[in-house]
Amino acid sequence: LAEIPRRGLSPERVAGVAEAAEGVAERAAIDGRRELALASQDLAIRGWQRAGAKEACRRAMLRHAEITAGAPLEPPSP
């Protein structure tokens with residue numbers, strides 16, 4: 001996912017990349033792979049920024065902080 005050039009994608013497609021990155025981040029967090037979870041969450045943040053999705057970006061940043069702090073995993077809110 002990190003190798004996909006986000007600048008060449010439409011906002012809708014880059015939002016799809018961000019969603020996929022968040023899925024990878026959650027799975028990695030569940031598996032205890034914090035480094036991968038954080039890298040994936042970083043990608044999601046950049047994707048949401050590129051897509052102009054401020055609320056999704058804010059949620060992704062909060063989740064990044066939770067992963068960094070080692071917070072227990074909770075299901076993402078809809």
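Helices (H or I, at least four residues) and strands (E, at least two) are taken as DSSP runs and numbered from the N terminus. In this predicted model, local features need pLDDT of at least 70 and side-chain atom pairs count only at pLDDT 80 or more, whereas totals for chains, interfaces and linings use all residues. Residues are numbered from 1 along each chain as its sequence is written, and side-chain values use heavy atoms, with hydrogens and water left out. On that basis the chain has 3 helices and 0 strands, and its elements run α-α-α from the N terminus on.

**Overall make-up**

- Of the 78 residues in the chain, 32% are buried, where buried means under 20% relative accessible area, exposed means over 50%, and partly exposed lies in between (1.4 Å probe, protein chains only).
- Among contacts between residues at least 6 apart in sequence, 51% join residues at least 24 apart, a contact being heavy atoms within 4.5 Å.

**Helix α1 and the glycine after it**

- Helix α1 has 20 residues and reaches 29 Å from its first C-alpha to its last, which is close to the 28 Å expected at 1.5 Å a residue; the expected span is 1.5 Å times one less than the number of residues.
- The buried residues of α1 are Val14, Ala15, Val17, Ala18, Ala21, Ala25, Glu26 and Ala28, and these buried residues pack against α2 and α3.
- Just after α1, Gly32 takes a positive phi of about 80 degrees.

**Helix α2 and the glycine after it**

- The 18 residues of α2 should span 26 Å at 1.5 Å a residue, and the 25 Å between its end C-alpha atoms agrees with this.
- In α2, the buried residues are Ala37, Leu38, Ser40, Gln41, Leu43, Ala44, Ile45, Gly47 and Trp48, and what covers them includes α1 and α3 (54-69).
- Gly52 follows α2, and its phi is also positive, near 75 degrees.

**Packing of α1 with α2**

- Helix α1 (residues 11-30) and helix α2 (residues 34-51) pack at an angle of about 160 degrees with their axes 8 Å apart; axes are lines fitted to C-alpha atoms, for helices over the stretch in contact, and angles run from 0 to 180 degrees between N-to-C directions.
- Helices α1 and α2 are therefore roughly antiparallel to each other, given that angles under 35 degrees count as roughly parallel, over 145 as roughly antiparallel, 65 to 115 as roughly perpendicular and the rest as oblique.
- The crossing of α1 and α2 is left-handed, a term used if the near helix is turned anticlockwise from the far one by less than a right angle, with right-handed used if clockwise.
- On the α1 side the contact is made by residues including Pro11, Val14, Ala18, Glu22, Ala25 and Ala29, and on the α2 side by residues including Leu36, Ser40, Leu43, Gly47, Trp48 and Ala51.
- The residues of this contact between α1 and α2 divide into 15 nonpolar, 3 polar and 4 charged, where Ala, Val, Leu, Ile, Met, Phe, Trp, Tyr, Cys and Pro count as nonpolar, Asp, Glu, Lys and Arg as charged, and the others, Gly among them, as polar.

**Packing of α2 with α3**

- Helices α2 and α3 pack at an angle of about 165 degrees, with their axes 9 Å apart, and that makes α2 roughly antiparallel to α3.
- The crossing of α2 and α3 is left-handed.
- Arg34, Ala37, Leu38, Gln41, Asp42, Ile45, Trp48 and Gln49 in α2 meet Ala56, Cys57, Ala60, Met61, Arg63, His64, Ile67 and Thr68 in α3, and the residues of this contact divide into 9 nonpolar, 4 polar and 3 charged.

**Individual residues**

- Ala53 lies in the loop between α2 and α3 and is partly exposed, with a relative accessible area of 23%; Ala53 and Ala15 are 38 residues apart in sequence and 8.1 Å apart in space, C-alpha to C-alpha.
- Ile67 lies in helix α3 and counts as buried at 3% relative accessibility; leaving aside its neighbours within four places in sequence, Ile67 is in contact with Arg34, Ala37, Leu38 and Gln41.
- The C-alpha atoms of Ile67 and Glu26, which are 41 residues apart along the chain, are separated by 9.3 Å.
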